[in-house]
2 protein chains.
Amino acid sequence: MSDTKERIISVSAGLLRRQGYTGTGVKQIVTAADAPFGSLYHFFPGGKEQLGAETIRWSGEMYGRLLPLIFDSTPDLVSGVRAFFAEAARDLEDSDYAEGCPIATVALEVSSLSDPLRQACADVFMSWIEAGTRRFAAAGLPEAPARQLVTGMLAALEGGFVLCRALRDSQPLKTVGEQVARAVAAVIDGDV
Amino acid sequence: MSDTKERIISVSAGLLRRQGYTGTGVKQIVTAADAPFGSLYHFFPGGKEQLGAETIRWSGEMYGRLLPLIFDSTPDLVSGVRAFFAEAARDLEDSDYAEGCPIATVALEVSSLSDPLRQACADVFMSWIEAGTRRFAAAGLPEAPARQLVTGMLAALEGGFVLCRALRDSQPLKTVGEQVARAVAAVIDGDV
């Protein structure tokens, strides 16, 4: 990928995360990326919708790298879950409650309006669920409960971000992180 | 509230739910509400931001009535939780995956941009958590775990909506509903 194209996508990712897709204009993007206006349509002939979809996939890949990083540095799944939510809460606090999920805002805004953008969000969510399921399965869980737990972990993370950003308080993420950790522990212990 | 004002708010609520705050123009609102353009600034001198905040509070009140309705019609908390998520999944399917939470889209879009709108979202979330906590406490749970469970239930609902709307599949809401039901059962059984 050219430097200019990568800069446009990276800048778009930050803007989509903070203010969503509808509220982000292409003019704001090229200005913030310090790129000539024409370069946007050169790299993204489909315009804002194509740039949005590529940005969502790029953000999904970047963000998706966090899960293995965190789980590699913890001794077991339950402490991995706790570390994962603690990291999410810290990132949110450090960014003054601006930086939650890079794609959830877009997912809610566009799901009923643009199928290419909805599909990009769906592909990212599925890739996260697949990667998490493989990880949980590698730690010894059967695939079906692993997939359910990872789906629940992702939903808790996304919903936690919604509450925390509105409340300007990271407590909900900490609360749901502990609940997900307990749900994982219950499956490992064979209580469920 | 006058009929026209209520119609403007009700129409706005539907539009915010489907396409968010930024993507909804005041012109679209008055047209859809069949109201004269001037009436918007007559009823909402603060313009779109005031209308948005009043719409969020109104939607929060309407939506908040669902929880007691559903829990009144079920014999215990655990079956109430299951019925609550089943109803959310059904509403989403029936609306072709358009109608999730009436305020989460706005919460994610505006939390870093407009404090009056963010505060309206925060007030609604807090009112739901308070009402749910009272309900769970009335069923016999101590207040602290009741509040944690309700916070987790709301986060699971919000995150479930994000996943289901993007994936056009109600399975994630059903999965997380079952997890919340189990978490509530574990607290009631004294396993936690």
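In the predicted model, helices H9(B) and H10(B) meet through two sets of residues. H9(B) contributes Pro145(B), Leu149(B), Gly152(B), Met153(B), Ala156(B), Gly160(B), Leu163(B), Cys164(B) and Leu167(B). Facing them in H10(B) are Pro172(B), Leu173(B), Val176(B), Gln179(B), Val180(B), Ala183(B), Val184(B) and Val187(B). Two residues are in contact if their C-beta atoms, placed from the backbone, lie within 7 Å. Helices (H or I, at least four residues) and strands (E, at least two) are DSSP runs, numbered from the N terminus. By class, this contact holds 14 nonpolar, three polar and no charged residues. Ala, Val, Leu, Ile, Met, Phe, Trp, Tyr, Cys and Pro count as nonpolar; Asp, Glu, Lys and Arg count as charged; the others, Gly among them, count as polar.

The axes of H9(B) and H10(B) are 8 Å apart, at an angle of about 170 degrees. Axes are lines fitted to C-alpha atoms, for helices over the stretch in contact, and angles run from 0 to 180 degrees between N-to-C directions. H9(B) is therefore roughly antiparallel to H10(B). Angles under 35 degrees count as roughly parallel, over 145 as roughly antiparallel, 65 to 115 as roughly perpendicular and the rest as oblique.

Residues are numbered from 1 along each chain as its sequence is written, while chains are lettered from A and ligands numbered from 1 in the order in which they are written. Because this is a predicted model, local features need pLDDT of at least 70 and side-chain atom pairs count only at pLDDT 80 or more, whereas totals for chains, interfaces and linings use all residues.

Chain A has 10 helices and zero strands. Its C-alpha atoms fill a box of roughly 60 × 35 × 30 Å along the principal axes.

Within chain A, H6(A) (residues 77-94) packs on H10(A) (residues 171-188) at about 170 degrees, with axes 8 Å apart. The two helices are therefore roughly antiparallel. Among the residues that meet are Phe85(A) and Leu92(A) of H6(A), and Val180(A) and Ile188(A) of H10(A). The contact comprises 14 nonpolar, one polar and two charged residues.

H1(A) (residues 3-19) and H4(A) (residues 47-64) cross at roughly 85 degrees, and their axes come within 9 Å. H1(A) is thus roughly perpendicular to H4(A). Ile8(A), Ile9(A), Ser12(A), Ala13(A) and Leu16(A) meet Leu51(A), Glu54(A), Thr55(A), Trp58(A) and Ser59(A).

Between the chains, 41 residues of chain B are in contact with 41 residues of chain A. H1, H7, H8, H9 and H10 of chain B each supply at least two residues to the side that touches chain A. H9(B) gives the largest share, 15 residues. This side of chain B has 21 nonpolar, 14 polar and six charged residues.

A rotation of 180 degrees, with 0.0 Å of shift along its axis, superposes chain B on chain A (RMSD 0.0 Å). Copies are superposed by least squares on the C-alpha atoms of residues with pLDDT of at least 70 in both. The two copies are thus related as by a two-fold rotation axis. In chain B, the C-alpha of Gly159(B) is nearest the axis, 1.9 Å from it. Of the contact residues of chain B, 100% recur in chain A, and the same surface serves both copies.
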